[in-house]
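Subject: Structure handover

Hi,

Here is the structure I promised to pass on.

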Amino acid sequence: MDTEIIKIILALLVLINPSGALILFLHFTSDYDLVSKRKVAQIACLTVFITIAFFVLFGQSILNGLGISLGSFRVAGGVLLFLIALSMMSDGKNPVKPKGDEVTQEVPHSLGIAVVPLAIPMMIGPGGISTVIIYSAQMQTMMDKMTIIVAGLCISLFCYLSLMAAERISRLLGDTGLSVINRIMGIILAALSIEIIVSGLRAIFPMLA
């Protein structure tokens, strides 16, 4: 179980990847005072945590209601994560997240941007939601599910600290540094996505085990 929890934390950390939201956060809050910036970061990260907790508790019920097997969802979710990983490694357009410049042309400056698009889908999108459902469905007890929720809380706090340090991180790493981190995260995510796809195929085709 400890290994699975480590995988969950790693997968969520890579998927949420607050570095990908730093530029957007800096753009939206460029004319905000410190109090407003802190409020935007708090709302965004609270939204991330609530989203994770909701799908940990009700994700399996949603799948059951739709008649989707966990094996099929693992394969679909793994493929989605692999596409995201390819995008991160090639620095191309993420298939499930909008480009920052596309979003900034459409969304006015307000605290509402903390929820959409900063938290959803820039920080926690379909890939992150799929991962939460896949891993939480494997947990046998409520205590195990609570472990994922606690992991989500820790990651949300990490995201908050990252957003509040956005200006310093941007100056320190620059565009090149952020790009390198994004590619490394993409490689890790690609490996995790293959693991999910393989486990899904084994669930669908037991003879492969």
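How many disulfides does a search of the whole structure find? The search finds 0, where a disulfide is a pair of cysteine sulfur atoms within 2.5 Å. As a reminder, a disulfide is a covalent bond between the sulfur atoms of two cysteines. The closest cysteine sulfur to that of cysteine 159 belongs to cysteine 45, and at 5.2 Å it is too far for a bond. Cysteine 159 is buried, with a relative accessible area of 1%, while cysteine 154 is partly exposed at 48%. Buried here means under 20% relative accessible area, exposed over 50%, and partly exposed in between (1.4 Å probe, protein chains only).

Some housekeeping before the rest. This is a predicted model: local features need pLDDT of at least 70, side-chain atom pairs count only at pLDDT 80 or more, and totals for chains, interfaces and linings use all residues. Residues are numbered from 1 along each chain as its sequence is written, and side-chain values use heavy atoms, with hydrogens and water left out.

On the overall fold: the protein has 9 helices and 0 strands, taken as DSSP runs numbered from the N terminus (helices H or I, at least four residues; strands E, at least two). Of the 209 residues, 45% are buried. Among contacts (heavy atoms within 4.5 Å) with a separation of 6 or more, 85% are between residues 24 or more positions apart. The protein exposes about 10400 Å², with carbon and sulfur atoms supplying 68% of that; the areas come from the Shrake-Rupley method with a 1.4 Å probe, and for residues only the protein chains shown count as cover.

Phe54, Leu57, Phe58, Ile62, Leu66, Ile68, Met142, Met143 and Met146 make a nonpolar patch of about 860 Å². Helix H3 (34–66) and helix H8 (142–164) each supply at least two of its residues, and H3 gives the largest share, 5 residues. Isoleucine 62 lies in H3 and is partly exposed, with a relative accessible area of 35%. Patch residues need over 30% relative accessible area and no salt bridge; nonpolar side chains (Val, Leu, Ile, Met, Phe, Trp, Tyr) are joined within 5 Å, like charges within 9 Å. A salt bridge is a side-chain nitrogen of Lys or Arg within 4 Å of a carboxyl oxygen of Asp or Glu.

Lastly, serine 72 sits in helix H4 (residues 70–90) and is partly exposed at 34% relative accessible area. Its C-alpha atom is 7.0 Å from that of isoleucine 204, 132 residues apart along the chain.

Cheers
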